[in-house]
Amino acid sequence: MPSLWKRITFSVASALCIGSVVLLVVALSTERWVTGRILCKTGVEIVNASNPELDQFIGSIYYGLFQGGKTKRCGLGDRRSKIYFPKLVRTLNGGLHMMVILFLLVAVGFALVSLSFCIYNARKVPYQSIKGHKGLYLWNFIALFGALGVLCFLAAVRHHSLTERVANFREHLFVLVVLDDSLDWSFWLGVGSIATHFAVCGVVAMSRIKLPKPEIKKPEEPTVSAVDLLY
C-alpha cells in the first residue's frame, strides 16, 4: 500500500490528467480556434467605397478544426454561411490539417493512459519501473504530441493563409480579404492541456520526496531502585 503522501500526489496527477482530456475534447469539438474580420473586396471596388463606407463591407469569420462560419457583407446585407471541413480540406493543406487532428487525438489517448497509471500508483506499489514513475514520464511525454498539433495549426494559420482560404471557399462572385485574425479560446484550451502534462510530471516528481515520519515517543518505564525494593 503506498504512503499517504503518494496517494495524495497521484490523486492530484489523476485530476490533472482528467483536466487535460476535457480540455482537448472541448478544443476539438468547438469552433473558436480562430476568429477574424473579412472585407468584401469586390463590393468595395464596385461602389468605390471610401473609408467611412468600408464598415458596410466588413464581416466576420470563425472556425475550428471541423467546421466554422462566416458573415459576409457585400452591400446586400449580412449573409451568413457555415463552413464544413470534410469538403473544405480538399482546398487546404490537407496533410498538415490531418496532422493537427492526429496529434491531438494521440494526445487524448495517452492522457487517458497516463490517467490509468496514476490511479494504479495511487492504489498499489508497482513492481515494474514502467508502471511507476518512469512509465508516467513516458506517457506524459508522448501526450505532449498535442503541442505538435497546436504548432502545426499555428503554422497553417500564419504561413499557409488558412483564414483566407477558409473565407474564400466556394466564393465564385466575391473576393474576401482578411483584415485581421486572432487565435481564440479553443486554441488556448489546447495550449492549456499541454501545460497540464508538465504539471503532472512535476507532481509525479514530488511524489518521490520522502517526508520524515513523525517520531512517537514511547512512555518511559519506571525505574526500580534497590531502595524501592526494601520498602
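I began with residues 185-207. Their end C-alpha atoms lie 33 Å apart, and the span is 96% helix and 0% strand. I note that this is a predicted model.

I then looked up where the record puts such spans. UniProt, in an unreviewed entry, places the feature "transmembrane region" at residues 12-29, 96-120, 136-157 and 185-207. I checked 96-120 as well. That span is 100% helix and 0% strand, with its end C-alpha atoms 36 Å apart.

Next came the overall make-up. I counted nine helices and five strands in the protein. Along the sequence I read α-β-α-β-β-β-α-α-α-α-α-β-α-α. The protein has 231 residues, and 41% of them count as buried.

In what order do the five strands lie? I found β4-β3-β2-β1-β5, an open sheet with antiparallel pairing. At the edges are β4 (78-84) and β5 (176-183), each pairing on one side only. On average, neighbouring strands are turned by 20° against each other, direction ignored.

I looked at one pair in detail. Strand β2 (residues 58-63) and strand β3 (residues 67-73) run antiparallel and are joined by four bridges. Y63 stands opposite G68 in β3. I also saw a helix on this sheet. Helix α6 (residues 145-159) lies across β1 (34-40), β2 and β5, and runs at about 150° to β5.

Last, the cores. Which residues touch the most other members of the largest nonpolar core? I found W33, Y63, L65 and F153, in a core of 42 residues. Elements giving two or more residues to this core include the helices α1 (4-29), α4 (94-123), α7 (162-167) and α8 (185-206). Strands β1, β2 and β5 are also among them, as is α6. The most comes from α4, with eight residues.

Leaving aside neighbours within four places in sequence, L65 is in contact with L28, W33, F85, H97, V100, I101, L104 and F153. There is also a second, separate core of 10 residues. Its members include A13, C118, V200 and V203.

How values were computed: Residues numbered from 1 in each chain as written. Predicted model: local features only at pLDDT ≥ 70, side-chain atom pairs only at ≥ 80, totals over all residues. Heavy atoms only, no water. Pairing = 2+ DSSP bridges. Axes fitted to C-alpha atoms, helices over the stretch in contact; angles between N-to-C directions. Contact = heavy atoms within 4.5 Å. UniProt positions renumbered as here; feature names shortened; annotations may be inferred. Buried < 20%, exposed > 50% of the residue type's maximum accessible area, 1.4 Å probe, protein only. Core = buried A, V, L, I, M, F, W, Y, C linked by side-chain atoms within 4.5 Å.
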